[in-house]
Amino acid sequence: MTNAIPVYIGRNAIQELVNYCRANGLERFTLVTDQNTYAALGASVERALRDTHFDVATIVLEGAEVVADAHYLVQVLVHTDQQNRTFLAVGSGTITDITRFVSHRTKSSFISLPTAPSVDGFTSVGAPLVIGGLKQTIICQPPIAVFGDLATLCAAPHRLIASGFGDMIGKLLSIADWKLGHVLWDERYDEQILQRSRQAALNVGNHAAAIGQADEASVSLLLEGLIESGFCILEFGNSNPASGAEHHLSHFWEMQLLWQNKPAILHGEKVGIGSILAAQWYDAIRQMSREQVAARLRTAQLPDRETQIQNIKTIFPPVADQIIHDQRAFLDLTQDTFESLKQRIVDRWDDVQAIAANVPPPQQFADWLRQAGAPITGNERGLSEREVDLAKEYSHYLRNRFTINKLRLILGLA
């Protein structure tokens, strides 16, 4: 793991936090938490800091479901005073992203204290937020340090641990899409970071059964992998090393459930389900020869721009204008540029096949997820067949990237 940020994972995390603060002259804090994570860890952190005679202002966010959206961002801002304080994010992904954004906008630093190994965002520079109904990643800042209390992490609800597992093995699809976008769409790319992300994901996948049992060493390994993924995002400067078609499927479902006022599904659970779908698409690609691809592309039609725009307005009514703006590179393809893209797909088919060969088969993802105690179908988390089909068809519009979903749609693969 790259030690760009001090990281401690163990049973003495609170004392290590106190020692770190003393060594770095940090004495004033704003502790951000929710009701569950305050009980799990926040109260102990608050007490330890106050016993050391540090100044701690505590913000406990209330609600059955705390979301990283404008409502909760404002709640933290309203309760933030003008003292020069270091923020402490005591929670999982949502609390971390809220704190990351507010600390950045108030020109403060923050320390991450994860209460569950549920997402890869603890060391990331980006904050995935729901703003105006659109899930978007706002570039902010990483924490100055991370302290993971192992007892708290292992005692987390198992769905959160399994969610982190799903988020982590999804990186095997993310990096495949990242390289695919480089080969077919000239997207920026870094092979060394890709290999680090791949190794971290495989390490986690190979410990699926132990993670399913919340084995202490394996939970620590999971958090280490998630932190390494965050470092990969941080060093590359955006989420390409950790977010591909499997994440776009997840974002689609998250936004749709939000607009319909339905209960949310954990991020990593959605990513795990999306990973199986994306792995199926890569599996289909592996079966195709260059000649079969060329035959399909000869009859492939340039997607009609106006039809696509109307579809976006129908499926994403609250945020259609933003998506149309973000997708202009694809929406504005001409017949000539589309023919050039088709030819490039044929010419680079060996490279595409090499990428697909490094993606584990869909059954492997399903086996890993089952061993870890995570769902493998949308139906297990209340997603209808129509919601799954809509995500397959339209989630690729949510990011300006060339993924396996875009490629299979161009090829006309079901």
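One cavity of 30 Å³ or more turns up in this structure, and the largest cavity has a volume of about 40 Å³. On a 1 Å grid over the protein atoms alone, a cavity is a set of points where a 1.4 Å probe fits but cannot get out, while a pocket is an open set with protein on both sides within 12 Å along at least five of seven lines; lining residues have an atom within 4 Å of a point. Grid points are joined across faces, edges and corners, and a volume is the space filled by probe spheres set on the points. This is a predicted model, in which local features need pLDDT of at least 70 and side-chain atom pairs count only at pLDDT 80 or more, while totals for chains, interfaces and linings use all residues. Residues are numbered from 1 along each chain as its sequence is written, and side-chain values use heavy atoms, with hydrogens and water left out.

**Empty spaces**

- Rolling a probe the size of a water molecule over the atoms shows where empty space is left.
- Around the largest cavity you will find Ser174, Asp177, Trp178, Glu187, Asn240, Ser243, Gly244, Arg401, Phe402 and Thr403.
- That lining of the largest cavity has two nonpolar, five polar and three charged residues; here Ala, Val, Leu, Ile, Met, Phe, Trp, Tyr, Cys and Pro count as nonpolar, Asp, Glu, Lys and Arg as charged, and the others, Gly among them, as polar.
- Turning to pockets, the second largest pocket holds about 430 Å³ of space.
- Its lining is made of 19 residues, and Pro303, Gln308, His396, Tyr397 and Leu409 lie nearest the centre of the second largest pocket.
- At least two residues of that lining come from each of helix 14 (305-315), helix 17, helix 20 (385-394) and helix 21 (404-411); helices (H or I, at least four residues) and strands (E, at least two) are DSSP runs, numbered from the N terminus.
- Sorted by class, the lining of the second largest pocket has 11 nonpolar, five polar and three charged residues.

- Five of the five residues of strand 8 (residues 145-149) are buried, so strand 8 is largely enclosed by the rest of the structure; buried means under 20% relative accessible area, exposed over 50%, and partly exposed in between (1.4 Å probe, protein chains only).
- In a regular strand the side chains alternate between the two faces of the sheet.
- In strand 8, Ala145, Phe147 and Asp149 point one way and Val146 and Gly148 the other way.
- Strand 1 (residues 7-10) runs parallel to strand 8, joined to it by four bridges; two strands pair if DSSP finds at least two bridges between them.
- Opposite Asp149 of strand 8 stands Gly10.
- Strand 5 (residues 110-114) is also parallel to strand 8, with two bridges joining them, and Ile111 has Ala145 as its bridge partner.
- Pro142 sits in the loop between strand 7 (134-139) and strand 8, and counts as partly exposed at 24% relative accessibility.

**Cysteines**

- A disulfide is a covalent bond between the sulfur atoms of two cysteines.
- How many disulfides does a search of the whole structure find? The search finds zero disulfides, a disulfide being a pair of cysteine sulfur atoms within 2.5 Å.
- Cys140 counts as buried, at 9% relative accessibility.

**Positive phi angles**

- Most residues other than glycine have a negative phi, and most peptide bonds are trans.
- Asp186, however, has a positive phi near 60 degrees.
- Asp186 belongs to the loop between helix 7 (171-185) and helix 8 (191-205), and is exposed with a relative accessible area of 55%.
- Ala214 has a positive phi too, near 55 degrees.
- The loop between helix 9 (208-212) and helix 10 (216-236) contains Ala214, which is partly exposed with a relative accessible area of 23%.

**Two helix residues**

- Thr337 is part of helix 17 (residues 335-347), and counts as partly exposed at 38% relative accessibility.
- The side chain of Thr337 reaches the backbone nitrogen of Thr334 at 2.7 Å.
- Val352 lies in helix 18 (residues 349-357) and counts as buried at 1% relative accessibility.

Notes: A polar contact is a pair of N or O atoms within 3.5 Å; within protein, one must be able to donate a hydrogen and the other to accept it, and residues adjacent in sequence count only if both atoms are side-chain atoms.
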